[in-house]
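Please look through the sequence and structure before reading on.

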Amino acid sequence: MDSGSFIKRRYRIRRRIQTVVELVYPPRCMGCGVLTEADFGLCGACWRDTPFIGGAVCESCGVPVPGATDGFRIECDDCLTSPRPWSDGRAALMYQGKARSLVLALKHGDRPELARPAAGWMARAGRDLVKSNMLIAPVPLHWTRLIKRRYNQSALLAQHLGREVGLECCPDLLIRNRRTPVLDGKTARERDETLMGAIDVHPRRSERLRGRDVLLIDDVMTSGATLSACARACLASGANHIFVLVLARVAKDA
Ligand SMILES: [Zn+2]
Ligand SMILES: [Zn+2]
């Protein structure tokens, strides 16, 4: 058998296996579980209820801003008041409605399969940030949390995104030295103090980021304090520019 017909045969077998899988596990909507035409998608109703970010956004944090893009850099009030330690940031969704339940399902609901389609949405939202030779790295979880949740949702997003855009992903570029309490309800200053020295570049990974642009990945961005701590750690270890891409952005008044 020549190699061409061998590949064709393998392809046919794979197609058959796929058909069997589809018969046993028909594609379902990621949001509500109804049967859909394609895998890893949303049904019409869930698609309408998922707040995808489009139009003019803050270049620093990705939050939608009123008005239209006019060629000048747009920043929201928050980013103008306290500039971010990274260059540009984007988000795929607003952390509301169906998007919020998808993020929570990925984080606490033991549904790692959501990471692949979510990374596809992030690739679209972050298309202006992606550059060749960029290193993709997730916001780290403390190992005690990792044991409890079985996986780091941000690392899963980062790995799928790396495959999607063809960039190197380093899941353990950053490490958490200690457990930090939940940041909700703290002031900006308290958040920074809580995170001081909590996140570092892995001592054996620092060579990989020297002089390189880094794309930091997280599932949700609220104040951005954790991403700031990660960006500062990367810069201190010799990274070039830092960019930020998250699945969902919490609106200030949400
Ligand atoms: Zn649905
Ligand atoms: Zn902003």
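The model is a predicted one.

## The largest pocket

Rolling a probe the size of a water molecule over the atoms shows where empty space is left. In this model the largest pocket holds about 760 Å³ of space. Its lining is made up of 32 residues, and those closest to the centre are Lys107, Val182, Leu183, Asp184 and Thr226. Two or more lining residues come from each of helix H4 (97–108), helix H6 (143–149), helix H7 (153–165), helix H8 (188–195), strand E6 (214–221) and helix H10 (225–236).

Sorted by class, the residues lining the largest pocket are 15 nonpolar, 9 polar and 8 charged.

## The second largest pocket

The volume of the second largest pocket is about 640 Å³. Here 24 residues form the lining, with Asp78, Arg84, Thr222, Ser223 and Arg249 closest to the centre. The elements giving two or more residues to this lining are helix H3 (77–81), H8 and H10.

The lining of the second largest pocket divides into 10 nonpolar, 5 polar and 9 charged residues.

Most residues other than glycine have a negative phi. Which value does the phi of Asp110 take? It is near 55 degrees, a positive value in a residue that is not glycine. Asp110 sits in the loop between H4 and helix H5 (115–125). Its relative accessible area is 40%, and Asp110 is therefore partly exposed.

Arg150 also has a positive phi, near 75 degrees, and is likewise a residue other than glycine. The loop between H6 and H7 contains Arg150. Is Arg150 buried or exposed? With a relative accessible area of 59%, Arg150 is exposed, because exposed means over 50%.

Technical notes: Residues are numbered from 1 along each chain as its sequence is written. Chains are lettered from A and ligands numbered from 1 in the order in which they are written. This is a predicted model: local features need pLDDT of at least 70, side-chain atom pairs count only at pLDDT 80 or more; totals for chains, interfaces and linings use all residues. Side-chain values use heavy atoms; hydrogens and water are left out. On a 1 Å grid over the protein atoms alone, a cavity is a set of points where a 1.4 Å probe fits but cannot get out, and a pocket is an open set with protein on both sides within 12 Å along at least five of seven lines; lining residues have an atom within 4 Å of a point. Grid points are joined across faces, edges and corners, and a volume is the space filled by probe spheres set on the points. Helices (H or I, at least four residues) and strands (E, at least two) are DSSP runs, numbered from the N terminus. Ala, Val, Leu, Ile, Met, Phe, Trp, Tyr, Cys and Pro count as nonpolar, Asp, Glu, Lys and Arg as charged, and the others, Gly among them, as polar. Buried means under 20% relative accessible area, exposed over 50%, partly exposed in between (1.4 Å probe, protein chains only).
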